Amino acid sequence: MNAVENLGYSLRSIGKIRPWIASLKTLFIHTDFPSQRFQPCTMSMTMSRRALITGITGQDGSYLAEFLLTKGYAVHGLVRRASTFNRGRIEHLFKDVSRDAPNFQLHYGDLADSNSLIRILTIAKPDEVYNLAAQSHVGVSFDTPEYTGDITGIGTTRLLEALRTIGLPTRFYQASSSELYGKALTTPQNEDTPFYPRSPYGCAKAYAYYLTRNYRESYGMFAVNGILFNHESPRRGENFVTRKITLSIANILAGRQECLYLGNLEAKRDWGYAKEFVEGMWMMLQQPVPDDFVLATGRAATVREFLELALTEARIPFERTGIGKEEAYRDTRTGKVIVKIDPHYYRPAEVDFLVGDASKARSKLGWQPKTSLPELVAIMMEADLKLAGVQKA
Ligand code: NAP
Ligand code: G4F
């Protein structure tokens, strides 16, 4: 059964299990006592726990779905309709779906559509919601500020309000971002560092961050923010800088691409491995009281350093020429220029330097990143070489 057929099956099977869901209704009675709303319902201790992931087709959503399935969760995912296939990262998860006990179901919906959120929450009745869906590209948010605000900001309101309206005692995770710190006022950044967002994306995430806290304080909801620094993987979107670099290098070696065009090489980021970060999201929802946490590696590197690590990993000998917009990287074996600057990729306002302090997550959650930056580059480079069907130079 492929992913599309499976969604059809999932939607049909929901119809079949509806009476069963209705019989569970009393287990999710809304209570006015916040402390009681933090208690998991008795039934879900004996049954598999249920999670809803928005953004399940994205990098983090796909790793989180895998992680929760291995923990025995029934995983529901919100997917939006696209004219092109957008389930490549989760297609492999359909293999083990049993018709009698589906543990992985997708539902059509959109963060722009409140009714779809209410419908999906009513069907899935999740113990935990992970709100990972967003227009997540910082550069693109300058071109689509209103849309980014609608999905990345107001989308969170729609989901929290749907949960409040239905009255589920669900625990809620909001995918907050180190982009909140923007033009960072202190280094390294932790949970107490003031925000200074530098893009429509950062502003939308700031709104969603405060709204999540507001629902926690106003309605006693178990709603938390994970303030995550950049995390990458072979599943990273192809127009984020790390993946753009590893995929382009592989395509250049395969003879499918001449040159890699980049913007600001001096920006510094705290890059971790996405697979390790999704575990931290889950840990935040298992705490006795809701709280916000930073997840980061605590080390920073420039885009240039990432690029040079990737070229070295692909065994391409290189030399740098020119400065500023004229800067270029030449493959010294072939003499060809393989990296150039394209100012098109400069942003109207840049975030120059982010590095996180995750000591609170380490002491309270026991969360710790394990993969070093060179190891991460090697993982991504190897995956993209395999995808392009080439060996190192
Ligand atoms: P991603 O790969 O870009 O995935 C974004 C997901 O959101 C995709 O599944 C996308 O669906 C979905 N989506 C977009 N618009 C939607 C809409 N209107 N309705 C429903 N779904 C929608 O992002 P990611 O890297 O996994 O990041 C996950 C979350 O963490 C995002 O909120 C991001 O802003 C945040 N974050 C990421 C990082 C990082 O370094 N990766 C760091 C901090 C915070 P399609 O597949 O259909 O496009
Ligand atoms: O890879 P990026 O697009 O990631 P950015 O802007 O840091 O945002 C990512 O991390 C955030 C966490 O801090 C998330 F919240 C967000 O959703 C996203 O996942 O750009 C990284 C840096 C920037 O300084 C950018 O100007 O790389 C620089 N850069 C240089 N050339 C480029 C390029 N970025 C992109 N995307 N493409 C380039 O060609």
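Okay, quick definition before anything else: I'm calling a residue buried if 20 or more other C-beta atoms lie within 10 Å of its own, and exposed if 12 or fewer do. And keep in mind that this is a predicted model.

With that cut-off, let's start at strand β2, residues 74-79. Six of its six residues are buried, so the strand is largely enclosed by the rest of the structure. In a regular strand, side chains alternate between the two faces of the sheet. Here Ala 74, His 76 and Leu 78 sit on one side, with Val 75, Gly 77 and Val 79 on the other, and both faces are covered. Its partner is β1, residues 50-54, which pairs with β2 in the parallel sense over five bridges. If you want one to click on, Leu 52 has His 76 as its bridge partner.

Next, helix α13, residues 373-388. That's 16 residues reaching 22 Å from first C-alpha to last, close to the 22 Å expected. Its buried residues are Leu 376, Val 377, Met 380, Met 381, Asp 384, Leu 385 and Ala 388. Look down the axis of α13 and they fall within an arc of 160 degrees, so they line one face of the helix. What covers them? The cover includes β7, α9, β10 and α11. Just after the helix, Gly 389 takes a positive phi of about 70 degrees.

α9 turns up again at ligand 2. There, 23 residues surround the ligand, and the closest are Val 138, Ser 177, Val 241, Gly 263 and Ala 267. The elements giving two or more residues to that shell are α6 and α9. By type, the shell divides into 10 nonpolar, eight polar and five charged.

Most residues other than glycine have a negative phi, and most peptide bonds are trans. Well, Lys 125, in the loop between α5 and β4, has a positive phi, near 40 degrees. Arg 315, in the loop between α11 and β13, has one of about 60 degrees. Which of these is buried and which exposed? Lys 125 is buried, with 20 other C-beta atoms within 10 Å, whereas Arg 315 has 12 such neighbours and counts as exposed. And there's a cis peptide bond between Thr 187 and Pro 188, with omega about -5 degrees. You'll find Pro 188 in the loop between β5 and α8.

Methods: Residues numbered from 1 in each chain as written. Chains lettered and ligands numbered in written order. Predicted model: local features only at pLDDT ≥ 70, side-chain atom pairs only at ≥ 80, totals over all residues. Helix = DSSP H or I, 4+ residues; strand = E, 2+ residues; numbered from the N terminus. Expected span 1.5 Å × (residues − 1). Arc of directions from axis to C-beta. Contact = placed C-beta atoms within 7 Å. Near = placed C-beta within 6 Å. Nonpolar A, V, L, I, M, F, W, Y, C, P; charged D, E, K, R; others polar. Pairing = 2+ DSSP bridges.
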